[in-house]
Structure formats: structure tokens, C-alpha cells
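Colleague: I would like to learn how to read a model of this kind. Could we go through it feature by feature?

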Amino acid sequence: MPRKKPQLERVREAIDGLNDQLLDLLNQRTALVEEIRAFKVEHGMDLYDPVREARQIQSLMMKNRGPMSNAMVEHVFKEIFRASLSQQMRKGTDQAPLVLERSGTPRIVDVGGVPIGGGKPTIIAGPCAVESEDYLEQVAEAFARLGLKFIRGGAFKPRTSPYTFQGLGMPGVDLLRKVASRHDLRVVTEITDACLLPQFSDRVDVIQVGARNMYNYDLLKKLGNAGRPVLLKRHFAATLDEFFQAAEYLLSSGNRRVILCERGIRTFENATRNTLDISAVCLIKEYTDLPVVVDVSHAAGRKDLLVPLSRAVLAAGADGIMIEVHPNPAVAMSDGSQQLSLGDFERYLEGIASFL
Ligand code: PEP
Ligand code: MN
């Protein structure tokens, strides 16, 4: 027994030494990969070359004398190739994902002179869907009177059933812009297709990517040069890592004005429409500088929890709340049961006043 420890230590030392050599070799390899990247970029060549990768793995397996199995050789080298490729895809020298880049101060997203993040929480309220100018006017007039700066409302509604109200489309966005401008409110509305981008960029102050489109990477890439801030909602089945990676698509495509939105995730619990993930709010604050807004309406799917849920997320550090408000929820074309009437909304604001 007493002789085993020194032997174990010797083996461990040898492994440490090999780790150092492997690190050194992998860094030498990475430097060569960088040279290849520069060449390929200069000559407009694809960074990913699957034929060359397959050839390298084949050759390594033929030379393999063990004790590593060929399956392990394949696994390890595929990981090395994958890491090299993602390093090549990242421009610049700093390899940390942009979404996790911390400057020490929270990022403030300026929306036409109104900040989101870094200070007093922002309230983004409005109907689930844009339905009529009259309804919009009623909410906008009340919001301006209450000192709000934003109005939300969907004109392109990604509904579960194709037979339900799909939204007014561009005429709805026009209505939103018209009414919002009348009351000096900023417009937040959802985009569902990148082809709408030129029209959105002219009319919309914050472009919302809905939960269902969080995985629409093509749309996210195209929003990179939207020239407008993007409010990215978390998919109801997305891990936090997937949510961050979706934000990375926006950031790496050139749009630094990103606001994250937690809106509840799907769990076995059905007393609420979704389960509000308060930990996500804390973790977004812990790992990123980006502002985070919480959509309490879609999280709860009911009106009675909106005050306590809002208090909870504001206490957890949320930079804002998104909430659905409709002049006449009983006849709303969508999400009627979770939308607050204007009277309810005023009482709601009183209920969270000490957290604002
Ligand atoms: C919305 O905010 O109008 C909406 C549809 O929400 P989500 O994408 O979070 O379901
Ligand atoms: Mn809704």
C-alpha cells in the first residue's frame, strides 16, 4: 500500500506532462489553422472542408497503433476539428461568445432616446394583437397619461391554429406607428419573416422576435443589420444556453442592441400557461450585460398572478416587464383571458409601484 501512492503520483505527473505537450501541440495546430483561415478568407473559400476532414480521420485511424480504439481516435479528432472550425468562424481574436462579454456595466439599449436597461425598469404594455385604431388609441392615450414610453401589439401573429386570427399584417404595423407617434410612444412589434425587414425598419422602434422564431437562425442573422434594437424572446422549450446562442446570432451578425425576454417555459405544470423561469432572469444578469425584460402575461396566461410575478422578477433584477393590456379583453381576438383591461392595468401599476 505505501508504495502505491508514489507510483500513482508518478503516473499523474507523467499525465500532467503529456497534457502540457498536448496543449502545446494543439496551440501549434491552432496557429496553422489560423493561417489556413486567412488564406481561405482571402480567396473566398469555404472554411469547412468535410472531404479533407474525412481524409485526415481515415489516415489517423490507419496509423493508430493503440491502445486508443479507432472510435476514440475518430471522436477526439472530430472534436478538435469542430473546435478549430468554430474558432475559424469567430472573427477577431477574443474567443469568448459576444453574449457572455462583460464590460462591468450593464448594456443600455437606447430606443429613440429612451433607455432600456441600467436604470428604472421599463414597462412595455399593449394588446396581444393590433385589432383596430380605436382600441389602440384608447390604450395609447392611457399609457401616455400614465407616463409609459412603449406600446406593444402584434400585427403578424404566429398562432398555433391556422384558422384563428393571424393579425392585420402591415396595415396593423402602420396603425401602431400612427397611434404611437401621436402619443410619443415607442413601438415594439413582432417580425415573422425577414422579407418584412425594410418596412419594419422604417416603422418599428424595437423589433420583436417571438418565442417560436427564436430558433429561426436565418431571421436572426438578417436582423444583424436591421438598424433597430431587437427584443429576442426565449423559446418555450429552449435551454438558457440555446437562448444565449440565439442572441449570439444577432450579436455576431452586427446587432449589439439586443434585449432578452424571458416569457415562461413549458413544464408539466398546467395551472399556469407556462412556468416563469425566474432563475433565468438571475442567470442572464449573472452571465451577460444585456437587458432582460420579462413577459409576465404569456408566462402566467392568467391575470391574477401578474402583480406577484412582476414583483418577483423585478426583485430578481429584471430591466423591464412586458404585459398585455386590451380595452375590452372579453372580446379580444387573441389571449383574451390573460389581457388586463385599462382599469386593471392601472391597479396593476399601483401594485408594483414600490418595485419600479
Ligand atoms: C407575443 O408577445 O405577442 C407573443 C406571441 O409571445 P411569445 O412569442 O412569447 O409566445
Ligand atoms: Mn398574446
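Modeller: We will take the ligand, the metal, the cysteines and the backbone in turn. This is a predicted model, in which local features need pLDDT of at least 70 and side-chain atom pairs count only at pLDDT 80 or more, while totals for chains, interfaces and linings use all residues. Residues are numbered from 1 along each chain as its sequence is written, chains are lettered from A and ligands numbered from 1 in the order in which they are written, and side-chain values use heavy atoms, with hydrogens and water left out.

Colleague: Which residues surround ligand 1?

Modeller: A residue is near a molecule if one of its heavy atoms lies within 4 Å of it. Around ligand 1 these include Arg152, Lys157, Glu190, Asp295 and His298.

Colleague: What coordinates the manganese ion (ligand 2)?

Modeller: Donors are N, O and S atoms within 2.8 Å of the metal (3.2 Å for Na, K and Ca); water is not among the atoms, so sites may look incomplete. Here the donors are Cys128 (SG), His298 (NE2), Glu324 (OE) and Asp335 (OD), at 2.0 to 2.3 Å. Cysteine 128 sits in the loop between β3 (122-126) and α4 (133-145) and glutamate 324 in strand β10 (residues 320-324), so the pair ties together parts 196 residues apart in sequence. Helices (H or I, at least four residues) and strands (E, at least two) are DSSP runs.

Colleague: How many disulfides are there?

Modeller: A disulfide is a pair of cysteine sulfur atoms within 2.5 Å. The structure has zero. For cysteine 261, the nearest cysteine sulfur belongs to cysteine 128, 13 Å away.

Colleague: Is cysteine 261 buried or exposed?

Modeller: Buried means under 20% relative accessible area, exposed over 50%, partly exposed in between (1.4 Å probe, protein chains only). Cysteine 261, at 0%, is buried, while cysteine 195, at 55%, is exposed.

Colleague: What should I look for in the backbone?

Modeller: Most residues other than glycine have a negative phi, and most peptide bonds are trans. Aspartate 335 has a positive phi, near 50 degrees, and a cis peptide bond joins glycine 66 and proline 67, with omega about 10 degrees.
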